[in-house]
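Have a look at the structure first, then read on.

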Amino acid sequence: MIGKILHRTLPLVALFAPIAHEANAQIVLPTNAQSDCTVTETEVAGWFGGTITAGGAVSPPAFTQIDTNSSVCDFYIWGAQMFLWLTSPDGAGTVLEGDSIFTVNTSDWTLFADGDQPMQMATRQEKDDDIGGISQTDSQAGVLMSQAGSLVYYGVHVNDVYGYFLTGQKCGAENGQANCTDPATPYLQTKNFPYDQGHLDAVVTFAKDHLGVDTVPDEDVLVLELKTSWVDASTLADQTGYVIIEGTVPAFEQTSDTLWTQSGSQDLSLALVGMHIVATVHNHPEFVWATFEHMNNTPMAPYFYDGSDFMPTTFQAENDFLFFPKGGTIDGANLECMGV
């Protein structure tokens with residue numbers, strides 16, 4: 001997948017969660033950083049339907065908000081609104097847990113609605129050097145864990161438009177009419193992930209006419225794919241400023257000092273520590289993406305920024321981070337894994 005890289009490390013905290021807690025203020029921006037990409041209070045209030053409210057619902061950005069003429073700042077703002085929407089409340093949980101977001105079962109690559117059952121996660125494993133590998137689902141690989149001893153869990157999710165588009169590609173005689181309520185119906189004609197109104201209309205019409213769908217809540221978002229990372233919330237000394245959900249994760253038995261063996265599953269309260277948002281937007285068929293990490297994950301490596309002296313700066317590990325020890329150096333990063 002080729003796209004416009006929108007990587008920015010930001011506090012993984014929704015606006016409806018308390019963020020002014022001392023334990024969650026380990027990373028601060030340089031005082032002389034230039035503010036060349038800002039969002040006004042009025043703009044953010046629009047995301048909340050007019051008034052910024054603690055615990056308030058956030059609307060997703062319309063796909064037409066980004067176009068081929070958009071600036072880099074426009075993409076950053078799009079990513080921020082997407083994150084706040086996904087972590088804002090929806091019914092008894094968050095949008096991420098709702099019926100319009102499907103979780104991918106990575107054991108057989110099927111989809112299920114998160115609103116029907118707790119979100120299901122796999123163990124988040126150490127990536128190898130093979131860019132084409134999917135080590136996150138390789139049960140023989142080591143798995144990552146936090147400094148506090150929590151395994152890192154991993155989820156893959158898609159929205160309703162993605163799911164209906166995928167179903168449409170599998171319908172028709174050449175694919176055995178899989179998942180079609182009307183076997184005589186030809187499969188979805190468009191082969192492109194929707195990136196404009198015409199492609200979107202084709203997917204929505206297909207879903208309503210042949211899959212028994214009444215509405216497509218996320219149609220303004222176009223195609224959305226998410227990857228999320230989580231830790232056991234009970235291992236955090238302070239849960240303030242984390243997005244917490246209930247989820248089903250693999251359970252393990254310690255069979256030796258060095259080996260844990262998977263044994264069924266368990267339900268845990270999970271704290272969000274990372275999210276990768278991938279989507280199509282107007283006239284961008286190649287997808288764009290934004291990455292967020294919790295501000296307590298690790299200190300920052302040296303980086304350059306637009307300031308008065310344009311000098312590199314480094315966030316020092318003056319406190320314990322979730323994946324980095326106090327006083328640690330780059331060479332002392334937490335590389336510990338658990339064999340399963």
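Let's start with the rings. In this predicted model, the count of aromatic pairs comes to five. Two of them are set out below.

| Pair | Centre to centre | Angle between planes | Type |
|---|---|---|---|
| F83 and F292 | 5.0 Å | 20 degrees | stacked |
| F193 and F287 | 5.2 Å | 90 degrees | edge-to-face |

What about the edge-to-face pair? F193 is in the loop between α3 (160-170) and α4 (197-210), while F287 belongs to strand β13, so this pair ties together parts that are 94 residues apart in sequence. F287 is buried, at 5% relative accessible area, whereas F193 is partly exposed, at 27%. Ring pairs also link F193 and F287 with Y162 and F165 into a cluster.

On to the nonpolar packing. Which residues touch the most other members of the largest nonpolar core? They are L86, L224 and I277, in a core of 42 residues. Helix α2 is the top contributor, giving nine residues to this core. At least two residues each come from α1, α2, β10 (224-232), β11 (244-254), β12 and β13. Apart from this core lies another, with 23 residues, including F102, Y154, F165 and L188.

Leaving out residues up to four places away in sequence, L224 touches M82, W85, L86, I101, H157, V158, N159, Y162, I277, V278 and A279.

Now for the covalent link. A search of the whole structure turns up one disulfide, which joins C37 to C73 with an S to S distance of 2.2 Å. The torsion about that S-S bond is about 90 degrees, so the disulfide is right-handed. C37 lies in the loop between β1 (4-7) and α1 (41-47), and C73 lies in helix α2 (residues 72-87), so the bond ties together parts 36 residues apart in sequence. Is C37 buried or exposed? With 19% relative accessibility, C37 counts as buried, because the cut-off is under 20%.

Last stop: H282, found in the loop between β12 (260-281) and β13 (284-293). The H282 side chain makes a polar contact with the side chain of D67, at 2.9 Å. Setting aside neighbours within four places in sequence, H282 is in contact with F63, T64, I66, D67, T68, Y195, D196 and L222.

Note on methods:
Residues are numbered from 1 along each chain as its sequence is written. This is a predicted model: local features need pLDDT of at least 70, side-chain atom pairs count only at pLDDT 80 or more; totals for chains, interfaces and linings use all residues. Side-chain values use heavy atoms; hydrogens and water are left out. Helices (H or I, at least four residues) and strands (E, at least two) are DSSP runs, numbered from the N terminus. A polar contact is a pair of N or O atoms within 3.5 Å; within protein, one must be able to donate a hydrogen and the other to accept it, and residues adjacent in sequence count only if both atoms are side-chain atoms. Contact means heavy atoms within 4.5 Å. A disulfide is a pair of cysteine sulfur atoms within 2.5 Å. Buried means under 20% relative accessible area, exposed over 50%, partly exposed in between (1.4 Å probe, protein chains only). A nonpolar core is a set of buried Ala, Val, Leu, Ile, Met, Phe, Trp, Tyr and Cys residues joined through side-chain atoms within 4.5 Å. Rings of Phe, Tyr and Trp (its six-membered ring) pair if their centres lie within 6.5 Å; planes under 30 degrees apart count as stacked, over 60 as edge-to-face and the rest as tilted.
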